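Let's learn to read a protein structure by asking where its labels come from. Each question below picks a word or a value and asks what stands behind it.

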Amino acid sequence: MSDQKRSAYAAFERWELDLARGKAKTLVGRYGFTWEDQGDLEQELLLHLLKKRKARQAWAEVRASERTVMDRILTNKARDLIKGAKRGKNKVIRASVPLGEEVA
C-alpha cells in the first residue's frame, strides 16, 4: 500500500478496511458492478462507516461487538448500493426505444 493511500485510510483500523474491502469484492460481478468499481465501492462503504461511527454514543445498549455492528451497517449500505444500481438499470430500460420504432 502506498504512503499516500495509507495516510488516506489512517482513520480506519485494519479490520474495518478488510471488512469494507470484503463487502466491495462480494458486489463485483453482480448487479452491474465491475472490478473498476471496486475502489469506489470500498470508498463509499468506508465513508458510510465513518459517518456511522460518530453515532457510537447511541450504541450503549448494543450487546454485539463493534465489529458485528459495523458488519451489519456495511451490509445495509451494500443493500442500498444494490437498490441504487437496480434503479439505474431500470431507468435505462424504461428510457430505451424498441428497435422497431423510429426515433425522431
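Predicted model: local features only at pLDDT ≥ 70, side-chain atom pairs only at ≥ 80, totals over all residues.

Q: What makes a stretch of the chain count as a helix or a strand?
A: Both are DSSP runs, numbered from the N terminus: helices (H or I) need at least four residues and strands (E) at least two. By that rule the chain has 4 helices and 0 strands. Along the sequence, the pattern reads α-α-α-α.

Q: How do you know that the span of H2 is close to the expected one?
A: The expected span of a helix is 1.5 Å times one less than its number of residues. Helix H2 (residues 14-27) has 14 residues and reaches 20 Å from its first C-alpha to its last, close to the 20 Å expected. Helix H3 (residues 38-53) passes the check as well: with 16 residues, H3 reaches 22 Å, close to the 22 Å expected. After H2 comes Gly29, whose phi is positive, near 90°.

Q: Why is Leu74 called buried?
A: A residue is buried under 20% relative accessible area, exposed over 50%, and partly exposed in between (1.4 Å probe, protein chains only). Leu74 has a relative accessible area of 0%, so Leu74 is buried. Its place is in helix H4.

Q: Why does Lys77 count as buried?
A: The relative accessible area of Lys77 is 15%, and therefore Lys77 is buried. Like any lysine you might look up, find it by its place: Lys77 is in helix H4.

Q: Is Phe33 buried or exposed, and why?
A: Phe33 has 14% relative accessibility, so Phe33 counts as buried. Phe33 sits in the loop between H2 and H3.

Q: Why is Ala64 given another label, "partly exposed"?
A: The value for Ala64 is 30%, so Ala64 is partly exposed. Ala64 is found in the loop between H3 and H4.

Q: What makes two residues "in contact"?
A: Contact means heavy atoms within 4.5 Å. Not counting residues up to four places away in sequence, Leu74 touches Leu19, Ala20, Lys23, Leu45 and Leu49.

Q: How far apart are the C-alpha atoms of Leu74 and Leu49?
A: They are separated by 7.1 Å, although Leu74 and Leu49 are 25 residues apart along the chain. Among contacts in the chain between residues at least 6 apart in sequence, 59% join residues at least 24 apart.

Q: Why are the buried residues of H3 said to be on the same side?
A: In H3, the buried residues are Gln38, Leu41, Glu42, Leu45, Leu46, His48, Leu49 and Arg53. They cover an arc of only 160° around the axis, which puts them on the same side of H3. That arc is taken from the directions from the helix axis to the C-beta atoms. On the other side of H3, Asp40 and Lys51 are exposed.

Q: What makes a group of residues a nonpolar core?
A: The group is a set of buried Ala, Val, Leu, Ile, Met, Phe, Trp, Tyr and Cys residues joined through side-chain atoms within 4.5 Å. The largest nonpolar core has 21 residues, of which Leu27 and Leu46 touch the most other members. H2, H3 and helix H4 (66-95) are the elements that give two or more residues to this core, and H4 gives the most, with 8 residues.

Methods
Residues numbered from 1 in each chain as written. Heavy atoms only, no water.
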